[in-house]
Amino acid sequence: MLLVSLLIGSSCVKKETPSITSGALTITYNNQLYTKLDFKKSKNPLVIGFKPSEILRTDKGPVFNFSLKSFEKEAFHDSVGSGKRLIVKGISEENGYKIQKKVIASSYDDIPDLISTKVLYENLGSVKVPIEGWENNKYELAKLSSNENSFWSFQSGTYPSRPDWVLPVGEDFYQQNYLGMNASDYGGGTPVADLWRPDAGLAVGHLELKPQLVSLPVSSKGINNGASLSVKFDVDSVSQLKYKRSIAPGESIATFETFISAHTGDYFSSLEKYSTIIEKKGVPFNSPPETAYEPIWCAWGYGRDFTLQKVINTLPKVKELGFEWVVIDDGWQRAEGDWRTNDKFSQISMKAFVDSVHAYGLKAKLWWAPLAADPGSKTHEQNPEMLLKNEQGDYQKITWWDSHYLNPALKETKEYHQQLVKKFIGDWGFDGLKIDGQHLNQVPPDYGREDAQKYPEESLEELPVFYKGIYQTAKGIKSDAVVEICPCGTSASSFIMPYMNQPVASDPLDSWQIRLKGKTYKALMGADAAYYGDHVELSNNQKDFASTVGVGGVIGSKFTWPKSNSESDNEFLLTDQKERLVSKWMNIYKEYMLPKGQYRGELYDIGFDQPEAHVIEKNSKYYYAFYADSFDGKIKLRGLEPATEYKLTNYETGADISTVEGSLATVKLKFEDHLLIKATPLIRLKKYK
């Protein structure tokens with residue numbers, strides 16, 4: 001609802017410059033509709049001068065020179081909150097085209113340092129304007145210094161190489177971060193990219209509630225002493241039914257709602273603000289049940305060729321060590337797309353097997369790869385109408401499973417999967433689901449169901465609704481059901497996160513990925529998200545529990561026990577040494593239960609701060625985790641309350657370190673690999689220096 005409106009015509013342009021402010025961030029438009037970005041919290045300007053930030057790409061080249069005609073300011077209120085809006089109009093007359101650009105920039109009172117942008121391009125001429133795409137929020141960050149490592153970044157593209165989500169940006173760098181399919185079964189991601197310097201940074205992204213096929217390119221190629229980022233859309237990435245290829249006279253096109261956010265520190269606050277807006281728009285991220293915080297043992301150590309007897313033989317040790325979940329992994333089914341039990345269950349039913357897990361006082365979670373159907377499987381043969389077809393008319397392959405995609409947008413696909421959930425949890429008695437596979441993060445457009453879709457891209461736009469159906473079905477049967485979605489190695493999609501209550505490191509390549517993924521999920525899903533660090537055997541040296549515990553993660557293992565005559569079964573054998581390791585970290589984990597605390601991701605910059613640092617606040621105590629190959633120096637313990645004395649303890653070893661006053665908490669520390677510190681408040685001081 002519009003509350004206040006002030007229109008300033010072209011006659012007033014010289015008297016007032018169109019600008020919009022959000023917190024310490026101001027965007028100003030000049031007479032060409034170029035923008036200048038000012039952020040009061042940065043040490044030096046993030047962006048130098050006026051440059052075009054919103055660009056229309058036509059068949060005759062990019063259009064970015066517009067003559068300012070008018071601007072309007074107004075107060076508004078919507079589902080996100082109250083704020084101020086700037087509407088700027090300008091006209092371009094180049095290459096025989098006459099195009100009006102209308103920029104709608106909005107800021108919210110309660111979400112500082114973030115401005116959303118939507119642009120409408122109207123054809124005021126007499127000829128059709130063929131278009132190739134558009135670009136919003138394009139900004140080039142200047143280096144703070146000549147240091148080679150001038151920028152760090154959060155990048156959300158998904159690729160088969162499974163790259164780090166957080167990485168430095170050096171010279172001649174480029175990553176497209178296309179959020180569609182980048183391989184047969186790799187695609188999707190959270191629609192945010194962030195680029196920052198030691199003092200401050202910028203994030204861009206889109207605020208649509210459905211996945212969109214945009215790119216978020218981050219580049220330093222051809223940029224002198226800087227790097228750029230933007231939101232980019234190519235019309236060729238979608239069908240003509242989804243987005244038209246030209247603007248007829250008198251018609252217009254609109255960009256998606258995008259945003260620019262400025263911040264100090266790393267990317268954490270940008271993702272928090274993005275998450276806040278999405279929630280306020282009506283898509284909440286669910287709070288985890290108590291069961292999601294319980295330690296996990298997975299039978300995947302035995303591989304697909306596990307036997308039920310091997311799993312049952314391991315359960316006493318699983319129980320003894322303090323694990324509370326048992327995951328039956330890949331290998332129980334007849335095929336992807338035929339979710340009946342295979343020959344392993346010839347002597348016992350799945351329900352009876354689950355009952356045997358429950359008899360140990362343990363919970364049972366079932367591995368499952370929805371949206372996949374092997375050729376020849378029951379679903380593939382009996383329900384071919386659910387199979388997704390690509391633009392060439394072929395079934396779209398999922399390379400990893402050697403199977404084909406099912407279309408999540410179809411009513412029959414949704415109902416089929418919800419019925420499976422009822423069987424898994426309702427009939428068989430499982431307490432949770434491990435939904436697994438990189439293909440789950442995104443699906444391609446379906447060109448084979450014109451009868452059921454307005455346009456091919458509905459298949460991917462409906463993917464969140466598909467997961468919502470699974471989640472609600474599971475929770476409807478067991479209110480404390482745990483739904484874990486493991487999109488193996490992908491850059492996890494925020495569109496899926498509202499429909500799970502246990503995110504996971506999903507096949508991390510090393511301990512660094514465990515920690516950075518933990519920080520990312522905590523920013524998006526909440527400071528107390530039940531983030532599962534995956535099997536410890538995937539961490540550095542197969543034993544780095546400290547990386548999961550330190551970021552407030554849930555611990556897990558895929559150890560095998562007892563020793564077997566099969567060499568493959570002994571790859572992850574629980575030796576006496578490993579058992580002592582597991583027991584030690586299980587005790588630490590259960591004593592402090594850090595995932596239930598508040599992850600304070602704003603306190604340390606994961607890129608520039610050395611050593612790498614993470615903080616959990618719980619019950620007035622602060623739990624610090626530091627990581628480095630080796631470190632010897634002073635560390636500032638951020639976040640502590642001033643005028644309060646704290647006792648510092650190594651919460652891994654129990655050794656006392658020192659006492660500090662909150663505002664002066666700089667300590668000299670020396671460690672290798674990691675150091676975990678608990679700061680416990682002792683007394684409130686009346687006077688302190």
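How much accessible surface does the protein chain have, and what share of it belongs to carbon and sulfur atoms? The surface comes to about 26,300 Å², and 47% of it belongs to carbon and sulfur atoms. Accessible areas come from the Shrake-Rupley method with a 1.4 Å probe, and for residues only the protein chains shown count as cover.

Some ground rules. This is a predicted model: local features need pLDDT of at least 70, side-chain atom pairs count only at pLDDT 80 or more, and totals for chains, interfaces and linings use all residues. Residues are numbered from 1 along each chain as its sequence is written, and side-chain values use heavy atoms, with hydrogens and water left out.

Now the whole chain. The protein chain has 10 helices and 40 strands. Helices (H or I, at least four residues) and strands (E, at least two) are DSSP runs, numbered from the N terminus. The radius of gyration is 27 Å, close to the 26 Å that the globule rule gives for 689 residues, so the chain is as compact as a globular protein of that length. That radius is taken over C-alpha atoms, and the rule is 2.2 Å times the number of residues to the power 0.38. Along the principal axes, the C-alpha atoms fill a box of roughly 85 × 75 × 45 Å.

What about the inside? Buried residues make up 61% of the 689 residues. Buried means under 20% relative accessible area, exposed means over 50%, and partly exposed is in between (1.4 Å probe, protein chains only). Next, contacts, which means heavy atoms within 4.5 Å. Take those with a separation of 6 or more: residues 24 or more positions apart account for 70% of them.

Charges next. There are 81 positive and 88 negative side chains, and the centres of the two sets lie 5 Å apart. Lys and Arg count as positive, Asp and Glu as negative; His and the chain ends are not counted. Each charge is placed at NZ of Lys, CZ of Arg, CG of Asp or CD of Glu.

Let's zoom in on one helix. Helix α10 covers residues 576–592, which is 17 residues. From first C-alpha to last, α10 reaches 25 Å, close to the 24 Å expected at 1.5 Å a residue. The expected span is 1.5 Å times one less than the number of residues.

Which residues of α10 are buried? They are Lys578, Glu579, Val582, Trp585, Met586, Ile588, Tyr589 and Tyr592. Keep one rule in mind as you look at that list. An α-helix has 3.6 residues a turn, so residues three or four places apart point the same way.

What do those buried residues pack against? Their partners include two helices, α2 (308–321) and α9 (545–550). The strands β34 (556–557), β36 (612–618), β37 (621–636) and β40 (666–684) are packed against too. Just after α10, Met593 takes a positive phi of about 45 degrees.

Back to α2 for a moment. Glu320 lies in that helix. Glu320 is exposed, at 54% relative accessible area. Its C-alpha is separated by 22 Å from that of Thr653, 333 residues away along the chain.

Now some backbone details. Trp561 and Pro562 are joined by a cis peptide bond, with omega about -5 degrees. Pro562 sits in the loop between β34 and α10. Another cis bond joins Gln610 and Pro611, with omega about -5 degrees. Pro611 is in the loop between β35 (598–599) and β36.

Two non-glycine residues have positive phi. For Asn225, phi is near 60 degrees. Asn225 lies between β19 (218–219) and β20 (226–234), in the loop, and is partly exposed at 44%. Asp507 has a phi of about 60 degrees. Its loop runs between β33 (482–486) and α8 (511–525), and Asp507 is partly exposed at 25%.

Last stop: Asn177. Is Asn177 buried or exposed? Asn177 counts as buried, because its relative accessibility is 0%. Asn177 is found in the loop between β14 (174–175) and β15 (181–183). Leaving out residues up to four places away in sequence, Asn177 touches several others, including Gln155, Tyr159 and Leu216. Lys232 is 55 residues from Asn177 in sequence, and 9.9 Å away in space, C-alpha to C-alpha.
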